[in-house]
Amino acid sequence: MLARRLLGRLRRTRGEIAEARSLRVWLLYLPGPGPWLMSWLRKRWVVFRNPTAHIEFRGPVYLGPRFSLHMPRGGTFIVGPGVEFRRGFRAELGPTARIEIGGGTVFTYDVLMQCDTSIDIGERVMFGQCTMVVDGNHRYRDITRPMLHQGYDYRPLRIADDVTITTKCTIIANVGTRAVIGANSVVTRDVPAYCVAGGTPARVIDYFGPPGEEPAEIVARSASSASTSG
């Protein structure tokens, strides 16, 4: 009789544990205040960490885990409404640098931005994982000095509205409206609007915009193909 009671209690305990585990998993998928509370705390933390910088979040902005800003000597960082930083975003700004991000933009995972002049990002831009955006290149041609002592060549960057930048890209030039940058690309020269670009260095592969607005390289390529086939 005692053994039977113990066995019944053990079965009930196992059932309660399984039920509790199921409830815990289910609760993980429920929307709740936790992520937004942590986002609010991260906003306060980055402002506290960079007291000489101008940091502005306009409207609802979500800061995911490992969001960080490095602005020890100043700079300006402005974010529009509805922007989402999912995980691992990092921005490093110089004392006169300015980064402005338009509303509805999404940063997925481990995106890095480095700026000493300005980086202007439009609305509804999508950044894939492990993408880097930088407004300068190391100088290296002076063989009498180490590379790290030669400084940088800078250029302000503009990434226009509705651009899609996929996984593991490096962006060091302007990107036009609705352009799509293929995975693992290095953008070293401007990409026109409504173009697909890819490669290292990236080149324009296709155009999908309004007729008559094709970039010169697409027109030249089409003309060359037509003459060859003719």
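Q: Why does methionine 38 count as partly exposed, and what is its relative accessibility?
A: In this predicted model, methionine 38 has its place in helix 2, which covers residues 34-49. Partly exposed is the class between buried, under 20% relative accessible area, and exposed, over 50%. Methionine 38 counts as partly exposed because its relative accessibility is 40%.

Q: What is the area of the nonpolar surface patch made by Leu37, Met38, Trp40 and Leu41?
A: A residue can join a patch if its relative accessible area is over 30% and it has no salt bridge, and methionine 38, at 40%, lies in the partly exposed class. Met38 makes a nonpolar surface patch together with Leu37, Trp40 and Leu41, and the area of this patch is about 380 Å².

Q: Which residue in strand 11 is the bridge partner of valine 106?
A: Strand 5 (residues 84-87) pairs with strand 8 (residues 106-109) in the parallel sense over 3 bridges, and within that pairing glutamate 84 has valine 106 as its bridge partner. Strand 8 also pairs with strand 11 (residues 126-127), again in the parallel sense, over 2 bridges. In strand 11, the bridge partner of valine 106 is methionine 126.

Q: Which residue in strand 10 stands opposite arginine 98?
A: Strand 7 pairs in the parallel sense with strand 4 (residues 76-79) over 4 bridges, and there threonine 76 stands opposite arginine 98. Strand 7 also pairs with strand 10 (residues 118-121), in the parallel sense and over 4 bridges. In strand 10, the residue opposite arginine 98 is serine 118.

Q: Which residues make the covered face of strand 7?
A: Strand 7 spans residues 98-101 and has one covered face and one uncovered face. Arg98, which stands opposite serine 118 of strand 10, belongs with Glu100 to the uncovered face. The covered face is made by Ile99 and Ile101.

Notes:
Residues numbered from 1 in each chain as written. Predicted model: local features only at pLDDT ≥ 70, side-chain atom pairs only at ≥ 80, totals over all residues. Heavy atoms only, no water. Patch = residues over 30% accessible without salt bridge, like charges linked within 9 Å, V, L, I, M, F, W, Y side chains within 5 Å. Areas by Shrake-Rupley, 256 points an atom, 1.4 Å probe, with all protein chains shown as cover. Salt bridge = Lys/Arg side-chain N within 4 Å of Asp/Glu carboxyl O. Buried < 20%, exposed > 50% of the residue type's maximum accessible area, 1.4 Å probe, protein only. Pairing = 2+ DSSP bridges.
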